[in-house]
Every structure is written in structure tokens, then in C-alpha cells.
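Q: I have a protein model open and would like to learn how to read it. Where do we begin?

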Amino acid sequence: MGAAGSSALARLGLPAPPGPRWLGVAALGLAAVALGAVAWRRARPGRRRRLQQVGTVSELWIYPVKSCKGVSVDAAECTALGLRSGHLRDRFWLVIKEDGHMVTGRQEPRLVLVSITYEDDCLILRAPGMDQLVLPTKLHSSNKLHDCRVFGLDIQGRDCGDEAAQWFTSFLKTDAFRLVQFEKSMKARTSHEIFPSLDKKYQVAYPDCSPVMILSEASLADLNTRMEKKVKIDNFRPNIVVTGCSAFEEDTWDELLIGNVEMKKILACPRCIMTTVDPDTGVIDRKEPLETLKSYRLCDPSEKSIYKSSPLFGIYYSVEKIGSLKVGDPVYQMVL
């Protein structure tokens with residue numbers, strides 16, 4: 001989401017009812033689970049929810065460094081701040097300018113060429129024409145703390161050292177850059193700061209605006225039927241990819257259960273020029289797939305004050321109950 005989308009969303013006026021408190025699952029029968037029709041008791045007496053299977057998890061993605069390549073995982077913990085696998089955390093690392101302002105693929109599209117693997121408590125970063133960078137996931141407390149700016153909001157990050165700074169500076173060749181890491185003891189960006197009028201309470205480190213983003217395979221396939229040059233899931237950077245549903249069915253999902261993780265819809269994901277960066281070449285097109293999405297995925301006129309002219313593709317979720325999930329898990333909508 002670009003600066004325009006961010007400023008529009010900051011004026012969000014969506015009503016958000018308080019999240020339900022789940023007391024547990026009553027008499028789960030294996031046959032009922034298979035049918036996706038298990039009744040869940042709510043805190044309010046006399047009301048029940050049932051689980052309706054709407055799809056299956058086909059892919060899980062963690063993007064450790066904002067705008068760099070994702071890491072595909074088979075299973076993950078879902079924390080309040082997003083997906084985690086060992087020391088791999090989603091968007092816990094950020095490239096900044098020396099003045100602390102964030103740098104993403106919108107400004108430096110070649111960031112999408114940086115690939116990441118995880119070995120022996122270290123991130124291994126690789127990029128075309130560069131020696132690999134070995135980055136410890138645990139930094140010395142003596143490393144400098146930076147005051148950073150992410151979409152106009154203040155957040156801290158601990159400096160990852162001169163070697164990492166020189167690596168990104170040498171690769172991008174446009175400015176002097178530093179790499180910082182978010183730590184759990186730091187103050188995260190809050191939903192109130194990101195969406196002042198949204199009645200939700202959650203936090204994020206360096207993601208655009210939510211801990212989890214979900215997209216279906218069918219929605220991508222639908223888009224590609226309209227595209228001369230096909231695009232990949234990498235253009236859209238979801239955390240959870242769902243199969244077994246119809247195109248844009250995810251637009252209708254409010255509260256979800258995946259594994260033992262409960263999530264609640266925040267809003268649709270408004271798309272920006274980041275989607276036009278080719279994940280294989282690092283070249284920004286600034287037109288497609290954004291123009292095609294605008295031809296049929298604009299918001300309802302009643303929501304124009306929220307989304308303006310940004311097309312919608314994928315759904316942002318908050319984590320209501322932490323837990324674990326894996327590829328192959330059923331995706332249940334919790335419905336009345």
C-alpha cells in the first residue's frame with residue numbers, strides 16, 4: 001500500500017464490532033469437523049457459531065525483510081504481530097535511509113531480488129552480483145537504536161551493523177542505507193495510529209498495516225485471465241494463500257479459524273505500484289497489473305472515502321487468538 005493508500009486508510013470510518021470471546025468448542029465430532037459444521041459457543045448466552053469450511057491453506061509466506069523475497073514455510077506460529085517460524089519473523093527487518101525513513105520496493109524496486117534463507121540462527125541474504133550476507137538474528141544490545149519512520153509513524157529499529165549497511169548500499173547503488181531489526185521489547189505501531197477511527201486493537205512492526213494478509217489462488221487466476229503478461233503470487237506478497245474457493249470469495253470472510261488461530265477481517269487490501277515491480281527482474285512497470293485491477297476491482301462508491309482509487313486485492317486480518325497453522329489446514333469461516 002502506497003502513501004496515498006495509507007493516508008486514505010488513516011481516515012478510515014469502518015464500524016467494527018467488538019471481537020467475540022470464544023469459550024471453546026462444544027462436542028467436536030470428527031464427522032462434523034469434516035463437514036465444517038461444528039458449533040462454537042460464544043460468550044453471549046444463546047448464540048452459537050458454526051464452522052463452514054471455505055478453503056484450504058496452500059501456501060504460507062514469511063517476508064523477513066520488508067520488500068525482499070519471501071520465505072515459503074510448511075508451518076508457522078501465528079503471533080499477534082504476524083507469522084513466525086523459529087527466528088524468522090514477518091517484516092521484522094527494514095531497510096532505511098540514514099535519516100531513518102523506510103525504504104521499500106516502491107522507491108528501490110531491486111530490493112525484490114534479495115532472497116533469504118535461514119541457517120544456524122542467521123539470515124543468509126543473497127542478491128545478483130553480491131557475495132552472501134550472513135546476518136545474526138540476535139543483535140548485541142550495544143548496537144545503535146534508530147528512530148525510524150514507516151508511513152509517517154515513528155517506530156524504532158536496532159542497527160544490524162556496518163557490514164549489512166554496506167551490503168545494501170553496494171547492491172542498490174543509489175544512496176547510503178542501513179538495515180534495522182525490530183525487537184519485541186520495542187513499541188510497535190498500533191491500529192489506532194494506523195487507522196484512528198477503527199475500533200480494533202492490534203499492533204504491527206514493519207508491515208504496511210496488518211499482521212496477516214490472505215489471498216486466494218482463484219483470485220489470482222481470475223486476474224491472469226485478463227492479463228496479457230501473467231503475474232505471480234509474488235507480486236502481491238500474501239502471508240496465507242488459500243485454495244478451494246471461488247475468485248474473490250475471500251472478500252466475504254469476516255472471522256476465520258485456521259489451525260487453532262482465530263482471525264478477524266480488518267479491511268480489503270488496497271493495491272499500489274508495489275504490485276507493478278517484476279519479482280524476477282526488479283524492474284518497476286508502474287502500470288500492470290494495477291491498471292487491469294482498476295478496471296474491475298475498485299471499491300463500492302459508498303467506500304470511496306476509505307479506498308479512493310486503489311483497487312482491492314486480498315484481505316487484511318488481525319489475530320484474535322494466537323496459535324499455529326500449516327499448509328493443508330482447512331480454512332473455516334465462523335458464521336452464525
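**Reading the model**

A: Helices (H or I, at least four residues) and strands (E, at least two) are DSSP runs, numbered from the N terminus. Residues are numbered from 1 along each chain as its sequence is written. This is a predicted model, in which local features need pLDDT of at least 70 and side-chain atom pairs count only at pLDDT 80 or more, while totals for chains, interfaces and linings use all residues; side-chain values use heavy atoms, with hydrogens and water left out.

Q: Is D99 buried or exposed?

A: Buried means under 20% relative accessible area, exposed over 50%, and partly exposed in between (1.4 Å probe, protein chains only). D99 counts as exposed because its relative accessible area is 54%.

Q: What do the totals for the protein chain say?

A: The protein chain holds seven helices and 24 strands. It has 336 residues, of which 54% count as buried. Contact means heavy atoms within 4.5 Å. Of the contacts between residues at least 6 apart in sequence, 68% join residues at least 24 apart. Accessible areas come from the Shrake-Rupley method with a 1.4 Å probe; for residues, only the protein chains shown count as cover. The accessible surface of the protein chain is about 14,900 Å², and 52% of that belongs to carbon and sulfur atoms.

Q: Which residues of helix α5 are buried?

A: An α-helix has 3.6 residues a turn, so residues three or four places apart point the same way. In helix α5 (residues 217-224), the buried residues are S219, L220, D222, L223 and N224. Their cover includes β18 (212-216), α6 and β22 (312-321).

Q: How many salt bridges are there?

A: A salt bridge is a side-chain nitrogen of Lys or Arg within 4 Å of a carboxyl oxygen of Asp or Glu. By this rule there are 17. One of them joins D251 and R297 at 3.0 Å, N to O. This pair links distant parts of the chain, 46 residues apart: D251 sits in the loop between β19 (240-243) and β20 (255-258), and R297 in the loop between α6 and α7 (304-307). D251 is partly exposed at 25% relative accessible area, whereas R297 is buried at 13%.

Q: What about K326 and D329?

A: Their side chains form a salt bridge at 2.8 Å, N to O. K326 is partly exposed, with a relative accessible area of 45%, and D329 is buried, at 7%. Elsewhere, K66, R106 and D208 belong to one network of salt bridges that share partners.

Q: Which residues form a negative surface patch?

A: Patches are made of residues with over 30% relative accessible area and no salt bridge; like charges are joined within 9 Å, and nonpolar side chains (Val, Leu, Ile, Met, Phe, Trp, Tyr) within 5 Å. Lys and Arg count as positive and Asp and Glu as negative, with His and the chain ends not counted. The place of a charge is taken as NZ of Lys, CZ of Arg, CG of Asp or CD of Glu. Here E228, D285, E288 and E291 form a negative patch. E288 belongs to the loop between β21 (261-270) and α6 (290-294), and it is partly exposed, with a relative accessible area of 32%.
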